[in-house]
Amino acid sequence: MDMTMAAEDLKAVVNRLRRAQGRIAGVIGMIEEGRDCEDMVTQLAAASRALDRAGFAIIATGLQRCLTDEDMASPADREQMRARLEKLFLSPA
């Protein structure tokens, strides 16, 4: 399954991943400094949301590509692809 993304979509995903990376680095710094647990949990939750959104954007791109893929001619091919995409969609959850 080709999951090549358009440049604009790719940029948005990379930005989300960089945001998550920054949040995680911040949490590491907080741990090393002995900062408040509540602040760390807030930052971890923000990093988790950024990762989830990046993952779902990648999966949505895959869904869009597969729905328009002309190679999926047979019902068996479509069913196999549906099962693979369902597994992918549920994996970040």
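From the N terminus on, the elements of this protein run α-α-α. The secondary structure comes to three helices and zero strands, where helices (H or I, at least four residues) and strands (E, at least two) are DSSP runs numbered from the N terminus. The model is predicted, so local features need pLDDT of at least 70 and side-chain atom pairs count only at pLDDT 80 or more, while totals for chains, interfaces and linings use all residues. Residues are numbered from 1 along each chain as its sequence is written, and side-chain values use heavy atoms, with hydrogens and water left out.

**Burial and helix H1**

- Of the 93 residues of the protein, 22% count as buried. Buried means under 20% relative accessible area, exposed means over 50%, and partly exposed lies in between (1.4 Å probe, protein chains only).
- The buried residues of H1 are Val13, Ala20, Val27, Gly29 and Met30.
- The 27 residues of H1 should span 39 Å at 1.5 Å a residue, and its end C-alpha atoms are 39 Å apart, which agrees. The expected span of a helix is 1.5 Å times one less than its number of residues.
- Gly34 follows H1 and has a positive phi, near 75°.

**Nonpolar patch**

- Leu17, Ile24, Ile28 and Leu51 make a nonpolar surface patch of about 320 Å². Patches are made of residues with over 30% relative accessible area and no salt bridge; like charges are joined within 9 Å, and nonpolar side chains (Val, Leu, Ile, Met, Phe, Trp, Tyr) within 5 Å. Accessible areas come from the Shrake-Rupley method with a 1.4 Å probe, and for residues only the protein chains shown count as cover.
- H1 gives the largest share of this patch, three residues.
- Ile24 is in helix H1 and is partly exposed, with a relative accessible area of 36%.
- Leu17 is also found in helix H1, and at 37% relative accessibility Leu17 counts as partly exposed.
- The C-alpha atoms of Leu17 and Asp52 are separated by 9.5 Å, although the two residues are 35 residues apart along the chain.
- An α-helix has 3.6 residues a turn, so residues three or four places apart point the same way.

**Positive patch**

- Arg19, Arg23, Arg49 and Arg53 form a positive surface patch. Lys and Arg count as positive and Asp and Glu as negative, while His and the chain ends are not counted. The place of a charge is taken as NZ of Lys, CZ of Arg, CG of Asp or CD of Glu.
- Helix H1 (7-33) and helix H2 (37-67) each supply at least two residues of the positive patch.
- Arg49 lies in helix H2 and counts as partly exposed at 46% relative accessibility.

**Salt bridges**

- The count of salt bridges comes to two. A salt bridge is a side-chain nitrogen of Lys or Arg within 4 Å of a carboxyl oxygen of Asp or Glu.
- Side chains of opposite charge can pair when their charged atoms come close.
- Arg35 is partly exposed at 39% relative accessibility, whereas Glu33 is exposed at 59%.
- Another salt bridge joins the side chains of Asp39 and Arg35 (3.8 Å, N to O). Asp39 counts as partly exposed, at 32% relative accessibility.
- Salt bridges that share partners join Glu33, Arg35 and Asp39 into one network.
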